[in-house]
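The sequence and structure follow.

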Amino acid sequence: MTRKSPRPGRTPLPAGLAAPARKSLAHAGVETLEHVRELGRRRLAGMPGVCPRTLAQLQEAMDEHGLELPAG
């Protein structure tokens, strides 16, 4: 069963992200999973501090909330 955000458009980032990834995302203005979706996997992968583990954590969180991470 997919868990939906209690506040659509304001789904927080997962708590377990490494500090370098959090800083890079914050610098890019990414505060929610909806912002992550706007960037897409390719742009996320090119950000400093965002490693395959971070991408997997973000994908898992998005899956839990019924969101899709586009390739672009």
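Which residues does Val-36 touch, not counting residues up to four places away in sequence? Val-36 touches Leu-13, Val-30, Leu-44, Leu-58, Met-62 and Leu-69, where contact means heavy atoms within 4.5 Å.

## Basis of the model

The model is predicted, with local features requiring pLDDT of at least 70 and side-chain atom pairs pLDDT 80 or more, whereas totals for chains, interfaces and linings use all residues. Residues are numbered from 1 along each chain as its sequence is written, and side-chain values use heavy atoms, leaving out hydrogens and water.

Helices here are DSSP runs (H or I, at least four residues), numbered from the N terminus.

## Arg-37

Arg-37 is placed in helix H2 and counts as partly exposed because its relative accessibility is 36% (partly exposed lies between buried, under 20% relative accessible area, and exposed, over 50%, with a 1.4 Å probe and protein chains only).

Beyond its neighbours within four places in sequence, Arg-37 contacts Met-62, Leu-67, Glu-68, Leu-69 and Pro-70. Arg-37 and Leu-69 are 32 residues apart in sequence, with a C-alpha to C-alpha separation of 5.2 Å.

## Thr-11

Thr-11 lies in the segment before H1 and counts as buried, since its relative accessibility is 0%. The side chains of Thr-11 and Glu-34 are joined by a polar contact of 2.7 Å (a pair of N or O atoms within 3.5 Å; within protein, one must be able to donate a hydrogen and the other to accept it, and residues adjacent in sequence count only if both atoms are side-chain atoms).

Terms used. Helices (H or I, at least four residues) and strands (E, at least two) are DSSP runs, numbered from the N terminus.
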